Amino acid sequence: MAATLMCLGCGDDTKTEAERRTFNVSMTSIAPTAPNEHGWTVTPEAVHLSVGTVRFFEGRVLLSQAPRFHWYSLIGGTANAHPGHYVPGDALGEVLKVQTVDLLATGGSLLGEANAVTGSYGSLELTLATPTDAQNVLGGHQVHVRGTASHTEGATVHFDATVDLPKAIEGVRFERELKQEPGAVSIAVDLGKWLSRINFATASLPDAAGVSTFPADSQAQNALVRGVEDTSAYVVTWVEGAAQ
């Protein structure tokens with residue numbers, strides 16, 4: 001496997017000997033609950049992403065805030081929280097599977113069973129994968145979001161946008177002393193944070209079907225990419241007693 005799980009009984013007296021275990025990992029979403037920072041109320045109508053490997057690590061995350069005068073603020077965005085001085089440490093578990101996830105599906109989606117060990121969990125890494133089937137709902141992209149945004153001043157934008165990230169989303173907080181207790185991990189994607197920075201007025205003019213896209217150099221596209229990259233948009237919890 002690409003990452004080696006922490007060795008069992010490796011002779012380090014400072015750590016409790018780890019034991020093999022498994023647990024399910026699922027993904028769901030949290031709907032936006034308020035207008036974003038530019039005054040747009042967003043209603044997602046379709047949200048899909050292609051999830052690759054999910055890895056769990058010992059390293060804990062100390063979030064730092066990027067400087068207010070980051071270049072991104074010059075085009076109307078807000079810098080996002082990111083891991084400060086983050087060191088992943090030992091790998092404790094992983095799900096090795098690529099699949100397309102419908103974030104609006106009722107009850108969420110099962111990503112798979114993590115091959116893992118007991119220990120002190122601090123964080124996870126989420127990899128977005130490019131689908132091999134370019135004809136699927138993602139059209140060969142990693143993230144696809146479609147919906148309607150309405151502004152407090154009366155404007156409405158029907159939008160269709162995609163995102164592709166060059167690297168994994170590292171340093172997502174998940175702190176848990178995990179032994180052999182029954183349970184599962186849930187990753188909830190906060191769609192409000194994904195969409196919070198977007199000024200939909202910078203989207204393209206609508207096409208013949210009335211749908212706008214996000215040009216590559218637009219504030220809307222840059223804001224969506226930074227929303228997807230924002231580690232605080234992923235709320236990871238341990239669900240006690242859930243099926244393993």
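1. In which strand is S50 found? In this predicted model, S50 belongs to strand β2, which covers residues 40–57.

2. The surroundings of S50 deserve a careful look. With a relative accessible area of 1%, S50 is buried, because buried means under 20% relative accessible area. Leaving aside residues up to four places away in sequence, S50 touches V98, Q99 and T100, then T127, L128, A129, T130 and P131, and also L138 and Q142.

3. V228 counts as buried because its relative accessibility is 0%. When residues up to four places away in sequence are not counted, V228 touches L128, V143, V163, L165, I169, W194 and Y234.

4. On the relation between sequence and space, V228 and K193 are 35 residues apart in sequence, while their C-alpha atoms are 8.1 Å apart in space. For the chain as a whole, among contacts with a separation of 6 or more, 79% are accounted for by residues 24 or more positions apart.

5. As for the overall make-up, the secondary structure of the chain comes to two helices and 13 strands, and 48% of its 244 residues count as buried. The chain exposes about 11600 Å², of which carbon and sulfur atoms supply 53%.

Note on methods. Residues numbered from 1 in each chain as written. Predicted model: local features only at pLDDT ≥ 70, side-chain atom pairs only at ≥ 80, totals over all residues. Heavy atoms only, no water. Buried < 20%, exposed > 50% of the residue type's maximum accessible area, 1.4 Å probe, protein only. Contact = heavy atoms within 4.5 Å. Helix = DSSP H or I, 4+ residues; strand = E, 2+ residues; numbered from the N terminus. Areas by Shrake-Rupley, 256 points an atom, 1.4 Å probe, with all protein chains shown as cover.
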